[in-house]
Amino acid sequence: MKTGTCEANAPIDQLKAISSWVSSVQDLDKLLQLIIESATGVVRAEAASLLLLDPTTNTLYFKVTTGAKGEEVKEFRIKIGQGIAGHVAETGQPLLIADAQQDNRWMREISDSIDYETRSMACVPLKIKNSTIGVVQVINKRDNTQFTHGDMAVLEEFSSLAALAIGSARSLEQVRQENQDLKKELGEKHQIIGKSVILNKVLEDAQKLSRTKTTALIQGESGTGKELLARLIHRESPREEKPLVVLNCAALPEPLLESELFGHEKGSFTGAAGRKLGKFETAHEGTLFLDEIGEMAPGIQAKLLRVLQEGVFYRVGGNTPITVDVRVLSATNKNLKKEVEQGKFREDLFYRLNVVQLNIPPLRERLEDVTFLVDHFLDVFKKETGLSGLTISEAAMDKMSRYNWPGNIRELRNAIERAVVMGNGKTIMPEDLPITASLPKFAGLKVGLTLDEALNEFKKEFILLNLRHTGGNRSKAAKVMDIQRTYLSRLITRYDIRDLA
């Protein structure tokens, strides 16, 4: 009795062991092989196989096989409804065949081709949510007896495990694919558009920066795409699979900003009904992007400095130190150096944030990118509105290429959206655009200058414009201005041109 009990429990113990691995095993092929080999051993079969349905051809193919002829049989495919396996796949009902050669559903061709004598069979459907995706079958008892209904019950258990493993793998694959699609969509949504030299220089610097853990300060006017640059740096960094957390420091008063950054404990202030994790904890091992950093209150600045220096902070109302590994990127449209000089921003924090500085040029300094941006936003809004045939007139494009864009890319996007919505649905015309065409204004032109002074101011601004356009390359700038490089160098010295940022 003792031996019989152990043998009776063996299949159950094996099933429990395998079922504990189904949800955690990453390699589906190995797991299915294990399941079928276990089924073969438990029911004492000579051979077994797991066949899956190929919906494109409506045939079954051998995914996993055991036995002496296992590899040979993988060359065959079985049509739905053909043979024992095809019949089970078609009906979704199991079959127990005592003598296969006397059953008119048996498919003799495979056995004859591989020179294998099939005597008895047991075949059960492989189902996910009542949908048959394949079959599991065993062939010939090793002791020449026939398969029993008890063998069928065991085989159905193994089939259920195989279906669970396949279903879990497909779900994981679907999640991975959805994540990839989402990343691709977000990448397209957050891409930086343009091919100008000055923009490419910024992107090259961002690429270099992305490979490091260095903190960086992104400076630029409102609407130039500072957050997009931060997203690019994170996306190209080793932290890309970890969170990118964004916080606008100008949007919250000091107490709420502290709670958002560092979190709080239950009861730490009125309304703190429970513990809350801050942005630093959420961004652990990832990137934290602090937009409008220049608006941060002095008290929070001191706490932020400590986290940057030590990687440790306390939740509001807490006394347990929390250690994090976060790469911090920050952005501002202010001149933080002047803010430091005026005592509005901590000097030590400025230098800690400003290890590397990236300056995004305003759109008026890269007007050659307007065409690319217009095409991009036009495609976006055509998809949203269904106006697939919508075009933009040359006159409208010329008007946008000559505009100063004080609101930068944000203003350009809004202008295109308005033109798409309010236009005739066929062609965007100049009058559809909420802008007034104008050439970029010369900042140095003002009443009170002599003609020579005005000319000198113009030359200085003109040289600066071209140097920025060429990323500081004097040879290229001289070529654009059609002057000798040596002459350009003399002018740079004469006008004391130093800051090319």
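Modeller: Let us begin with burial: buried means under 20% relative accessible area, exposed over 50%, and partly exposed in between, with a 1.4 Å probe and protein chains only. This is a predicted model, in which local features need pLDDT of at least 70, side-chain atom pairs count only at pLDDT 80 or more, and totals for chains, interfaces and linings use all residues. Residues are numbered from 1 along each chain as its sequence is written, and side-chain values use heavy atoms, with hydrogens and water left out.

Biologist: How many disulfides does the structure hold?

Modeller: The structure holds zero disulfides. A disulfide is a pair of cysteine sulfur atoms within 2.5 Å.

Biologist: What makes E265 and R275 a salt bridge?

Modeller: A salt bridge is a side-chain nitrogen of Lys or Arg within 4 Å of a carboxyl oxygen of Asp or Glu. The closest N and O atoms of E265 and R275 are 3.0 Å apart, and the pair forms a salt bridge. Both residues lie in the loop between α9 (254-262) and α10 (279-282), so the pair ties together parts that are 10 residues apart in sequence. Side chains of opposite charge can pair when their charged atoms come close.

Biologist: Which salt bridge does R315 form?

Modeller: R315 forms a salt bridge with E265, with the closest N and O atoms 2.8 Å apart. This pair links distant parts of the chain, 50 residues apart: R315 is in the loop between β10 (312-313) and β11 (322-323), and E265 is in the loop between α9 and α10. Both R315 and E265 are buried.

Biologist: How far apart in helix α14 are D379 and K382?

Modeller: Helices are DSSP runs of H or I with at least four residues, strands are runs of E with at least two, and they are numbered from the N terminus. In helix α14 (residues 370-385), D379 and K382 are three residues apart, so about one helical turn separates them. These two residues form a salt bridge, their closest N and O atoms being 3.8 Å apart. D379 counts as partly exposed because its relative accessibility is 41%, and K382 counts as buried because its value is 18%. Elsewhere, salt bridges that share partners join E265, R275, E281 and R315 into one network. A search of the whole structure finds 25 salt bridges.

Biologist: What makes the side chains of T66 and T40 a polar contact?

Modeller: A polar contact is a pair of N or O atoms within 3.5 Å; within protein, one must be able to donate a hydrogen and the other to accept it, and residues adjacent in sequence count only if both atoms are side-chain atoms. The side chains of T66 and T40 make such a contact at 3.1 Å. T66 is found in strand β2 (residues 59-66), and T66 counts as buried because its relative accessibility is 12%.
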